[in-house]
Amino acid sequence: MTPHMLLSRPDHRALLHAMPKVVALAALITLGAKIQVPFWPVPMTMHTLAVLSIAILAGPRIAAGAVATYLAAGAVGLPVFSGSPARGIGLAYMVGPTGGYLLGYLLAAALTGWLAISGGTMRRILAMLAGMGVIYALGAAWLCRFVPAADVWAVGVLPFLMGDLLKIGLAAGLATLWTRARGRRA
């Protein structure tokens, strides 16, 4: 089933068919949140890579469903987030400094998936950049509750920018390989 079909067919069968995929992709986001790669100036986690890759490969509905499932699992106290359980769990974690980024994942998954429908590599890259913009905008806006607004760029965006751009490049390359292997247009 293509992402376009899921967008135009919101019947119960399509949703039931998508549930196992949504749960598996939420688990992939959790795995990405737990993987830390040494990087400068801050260690890099892979959950943005997972969210954006899922969005460009599975489409907006599946991607948003996977992120919503991931967030729901975290909200009920499962240690799915980066740094949990050591840095907290559940709703307390979600309303902390990274809460805006978490919400940004949900909106970015839907937007990125929608912008990438039927697109080639360049369209996917632009879609992921738009999604990353949403994540940073919501994350930075929320972070203003915890740090002075003048410092938000320096602590909430700049340290992560290079790593996120690398992840977008990696996601675009992986998506191209995946679509070619499946015999679709890259």
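The largest nonpolar core has 46 residues, of which Ile29, Val67, Tyr70, Leu71, Phe81, Leu102 and Met128 touch the most other members. Such a core joins buried Ala, Val, Leu, Ile, Met, Phe, Trp, Tyr and Cys residues through side-chain atoms within 4.5 Å, buried meaning under 20% relative accessible area with a 1.4 Å probe, protein chains only. At least two core residues come from each of H2 (12–34), H3, H4 (60–75), H5 (90–94), H6 (99–116), H7 and H8 (149–181); helices are DSSP runs (H or I) of at least four residues, numbered from the N terminus. H3 gives the most, with eight residues.

The model is predicted: local features need pLDDT of at least 70 and side-chain atom pairs pLDDT 80 or more, while totals for chains, interfaces and linings use all residues. Residues are numbered from 1 along each chain, and side-chain values use heavy atoms, without hydrogens and water.

H3 (residues 47–58) packs against H7 (residues 121–143) at about 130 degrees, with axes 10 Å apart. H3 is therefore oblique to H7. Thr48, Leu52 and Ile56 of H3 meet Arg124, Met128 and Met132 of H7, contact being heavy atoms within 4.5 Å. These residues comprise four nonpolar, one polar and one charged. Met128 also belongs to the core; beyond four places in sequence, Met128 touches Leu52, Ile56, Thr112, Ile168, Ala171 and Ala172.

Against H6, H3 packs at about 35 degrees, with axes 7 Å apart. Among the contacting residues are Leu52 and Ile56 of H3 and Thr112 of H6. This contact has seven nonpolar, four polar and no charged residues.

Key:
Axes are lines fitted to C-alpha atoms, for helices over the stretch in contact, and angles run from 0 to 180 degrees between N-to-C directions. Angles under 35 degrees count as roughly parallel, over 145 as roughly antiparallel, 65 to 115 as roughly perpendicular and the rest as oblique. Ala, Val, Leu, Ile, Met, Phe, Trp, Tyr, Cys and Pro count as nonpolar, Asp, Glu, Lys and Arg as charged, and the others, Gly among them, as polar. Buried means under 20% relative accessible area, exposed over 50%, partly exposed in between (1.4 Å probe, protein chains only).
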